[in-house]
Amino acid sequence: RFTFKDGFMSAYSGFNANMLNTAEGVELMSEFKSIITRGGCASMTSFLITILLIMAFIGIITEIGVIKVISGMLLGNVKHRGNLIALSSVVTFILTCATGSITATPALVTEMFQTTYQRVGLSRRNIVTVCQICSNLAGLMIPWMGTAVYTAGVMGVEVLDYAPYIFISWVPIIANIIFGYLGIGLVKLEEGELQEQKVTA
């Protein structure tokens, strides 16, 4: 039987095997203890702090104009929608590898590409698709990403060994680029949005 204190401590610092009040002489398996003695709010502290630091970093480099300069260099002459989808896909994958975070990448990519997407008549919703495919799904193929480390630990197979076989990760990246050139599945700006953009410009 668990006390109110046990419940509170489980939520804060994770469950503890001592809370089970097992009979004297009963020894729990180490594998079982390792499964149940984890979790709690405290276990997520480092992850939450990392998100805050990443957001602060993105805010700083955006405010001082770094994103605008990089965008101008990369996207100055991009006019074809297919080229834009391909370039944003490659940049998204590279940023995911560089930051090791699927949290920071979408924010950076949106800041870099949203104006150019609007300029070629594409909705920013296309950026969401690119980030989902080239960051979230691709995370399984990047050895230092948390999702890849967890997957490798569960399966007992190294990331680079299983990467060629996870078609759900790399096939959508290639297909999205091809569809970008073919104009399939692209969400275009509505007429009202185009007029609003011209007025703003």
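**Ground rules.** I worked on a predicted model, in which local features need pLDDT of at least 70 and side-chain atom pairs count only at pLDDT 80 or more, while totals for chains, interfaces and linings use all residues. I number residues from 1 along each chain as its sequence is written, and side-chain values use heavy atoms, with hydrogens and water left out.

**Helix 7.** I started with helix 7, residues 125-137, taking helices as DSSP runs (H or I, at least four residues) numbered from the N terminus. Its 13 residues should span 18 Å at 1.5 Å a residue, and I find the end C-alpha atoms 17 Å apart, which agrees; the expected span is 1.5 Å times one less than the number of residues. I also noted a kink of about 25 degrees centred on Cys131, where the bend is the angle between axes fitted to the seven residues ending at a residue and the seven starting there.

I then listed the buried residues of helix 7, which are Asn126, Ile127, Val130, Cys131, Ile133, Cys134 and Ser135; buried means under 20% relative accessible area, exposed over 50%, and partly exposed in between, with a 1.4 Å probe and protein chains only. Their cover includes helix 5 (81-99), helix 6 (104-119) and helix 10 (167-182).

**Cysteines.** Searching the whole structure for disulfides (pairs of cysteine sulfur atoms within 2.5 Å), I found zero. The sulfur of Cys131 has its closest cysteine sulfur in Cys134, at 8.1 Å, and this is too far for a bond. Cys131 counts as buried because its relative accessibility is 5%, and Cys134 is buried with a relative accessible area of 0%.

**Helix 5.** The 19 residues of helix 5 should span 27 Å at 1.5 Å a residue, and the end C-alpha atoms lie 26 Å apart, which agrees. Among its buried residues I noted Leu84, Ile85 and Ser88, and the cover of the buried set includes helix 4, helix 6, helix 7 and helix 10. Gly100 follows helix 5 and has a positive phi, near 65 degrees.

**Core.** I looked next for nonpolar cores, meaning sets of buried Ala, Val, Leu, Ile, Met, Phe, Trp, Tyr and Cys residues joined through side-chain atoms within 4.5 Å. The largest has 35 residues, and those with the most contacts inside it are Leu84, Phe113 and Tyr117. Helix 6 gives the most to this core, with six residues.

**Gln114.** I checked Gln114, which lies in helix 6 and is buried, with a relative accessible area of 18%. The side chain of Gln114 makes a polar contact with the side chain of Arg124 at 2.9 Å; such a contact is a pair of N or O atoms within 3.5 Å, where within protein one must be able to donate a hydrogen and the other to accept it, and residues adjacent in sequence count only if both atoms are side-chain atoms.

**Lys188.** My last entry is Lys188, in the loop between helix 10 and helix 11 (191-200), which counts as partly exposed at 45% relative accessibility. The C-alpha atoms of Lys188 and Tyr117 are separated by 9.4 Å, although the two residues are 71 residues apart along the chain. Leaving aside neighbours within four places in sequence, I find Lys188 in contact with Arg81, Gly121, Leu122 and Ser123.

Terms used
Helices (H or I, at least four residues) and strands (E, at least two) are DSSP runs, numbered from the N terminus. Contact means heavy atoms within 4.5 Å.
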